[in-house]
Structure formats: structure tokens, C-alpha cells
Amino acid sequence: MKKYIVEFIGTFFLVTAVGMTGNPLAIGGMLMVMVFMGGHISGAHYNPAVTLAVLIRGKINTNDAMAYWLFQILGAITAAFFCMELKGGMSFAPKPMADINIIKPLIAEIVFTFALASVVLNVATHTKTANNSFYGLAIGFTVMASAYCVGNISGGAFNPAVGAGPIIIDTINHGDSIKFLWLYIVGPLTGGAIAGLLFRYINPDEI
């Protein structure tokens, strides 16, 4: 249960940084410190797509993965409610650029979630980088750089929890962002799955 609680806490603060600032530097910084906070306990996924990649890689079992997903989503929903209360009901549900072909935001979410999951797998789970002191920096900077690259195109979630939590609360408050929920589920999970499969192919000795 301790590792599930850590996943809840880390996801809560990540989504809170998204909701209160929308600033890639603050979001990446918050993720970095939360990774250092919980990495030794849960692996500090805070992202269902990362958990999927780690599951495919073979570093977590199915039961734990499902529990991680549950607590990550609960953390995101709680954070979204918290932020909207502080901001007077203002929604921060992610959405793609207006009037853009939806394939472009989908590709952006796939590609940059792939980048994030690949970094996590290689800096936080590979035996050759075991016990390093930089994994939190690498993961946080990946999210920051990705948000600067395509945040204005896709909304820059790279994380089903970051998408789902705010969208669920926005929908409860009669918003219309639910139409984009699929984008923030399918895109990141696809990117995470590709990262996990590619890791297995490139690093057969790690399996």
C-alpha cells in the first residue's frame, strides 16, 4: 500500500503544478522533485503510460500496475478538484490546438510520451544506470522540454492521468472537454507501449 500512496501523492502534485501554473518549467521541476521523493519507494511513475512501459519491460507485475493506474487517476482527480476550487472553478482540462487536424496532436502525444517512457526505462530501470543520482533531472527535463515543444499543439499531457483527472472534473462541472479524453488515453498509452517494446528489443539482456 505504501507505494500506491506514493503514486497518489506524486501524481497529485504533478497535476497540481499543471493546474496552478501551466508552466513547463514548474511542471518539469515538480515532477523532478516528486521523482526524487518517491523513486526509491514506488519507482515514481505518476503516469499510467510509464507504468505500462515498465510493465512491458517486466519490472512490475500486472496486479501492481493496475493498482498504480487506480491511484494515479485518483491522485489526478483529487488534484484537479483542488486546483479548480482554488481557482474559482476555472477549468484546466487539456485540449489540442483549435482547428487542427486531430492526427497531429495524437502523433505529438505518442511521440513525446515515447520519449518520456524511454528516458524512464533507461535512466531508472536499466542495470547500467542503477543507483544514479540524475534520474529525476532526466525525467523532469524530458517533460519540460516536451511541453515546450508540442504543448501548444496537443495540450502537452503525455500522461493519461494528467488528461483524465482535469477532464473528469471539468465534465462534472458541465464542461465539454470529455470529447478529447480519448486523445489523452490513446496517445500516451501508445507511446508508452512502444517504448516498452523497443526497450525489450534493444536490451534483451535486461529482460
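**Exercise 1. What covers the buried residues of α1?**

Work on the predicted model. Find the cover of helix α1, then check the helix itself.

*Solution.* 
Step 1. Locate α1: this helix runs over residues 2–21.
Step 2. List its buried residues. Among them are Tyr4, Glu7, Thr11, Phe12 and Val18.
Step 3. Look at what lies over them. The cover includes α2 (24–42), α4 and α7 (160–172).
Step 4. Check the length. The 20 residues of α1 reach 29 Å from first C-alpha to last. That is close to the 28 Å expected at 1.5 Å a residue.
Step 5. Look past the end. Glycine 22 follows α1, and its phi is positive, near 65 degrees.

**Exercise 2. Is glutamine 72 buried or exposed, and which residues does glutamine 72 touch?**

*Solution.* 
Step 1. Read its relative accessible area, which is 0%.
Step 2. Apply the cut-off. Buried means under 20%, so glutamine 72 is buried.
Step 3. Leave out residues up to four places away in sequence. Glutamine 72 then touches Glu7, Thr11, His45, Tyr46, Asn47, Pro48, Thr51 and Ala161.

**Exercise 3. Where is threonine 127, and is threonine 127 buried or exposed?**

*Solution.* 
Step 1. Threonine 127 lies in the loop between α5 (103–124) and α6 (135–154).
Step 2. Its relative accessibility is 52%. Exposed means over 50%, so threonine 127 counts as exposed.
Step 3. Compare sequence with space. Threonine 127 and glutamate 206 are 79 residues apart in sequence. Their C-alpha atoms are 7.5 Å apart.

Note on methods:
Residues numbered from 1 in each chain as written. Predicted model: local features only at pLDDT ≥ 70, side-chain atom pairs only at ≥ 80, totals over all residues. Heavy atoms only, no water. Buried < 20%, exposed > 50% of the residue type's maximum accessible area, 1.4 Å probe, protein only. Contact = heavy atoms within 4.5 Å. Helix = DSSP H or I, 4+ residues; strand = E, 2+ residues; numbered from the N terminus. Expected span 1.5 Å × (residues − 1).
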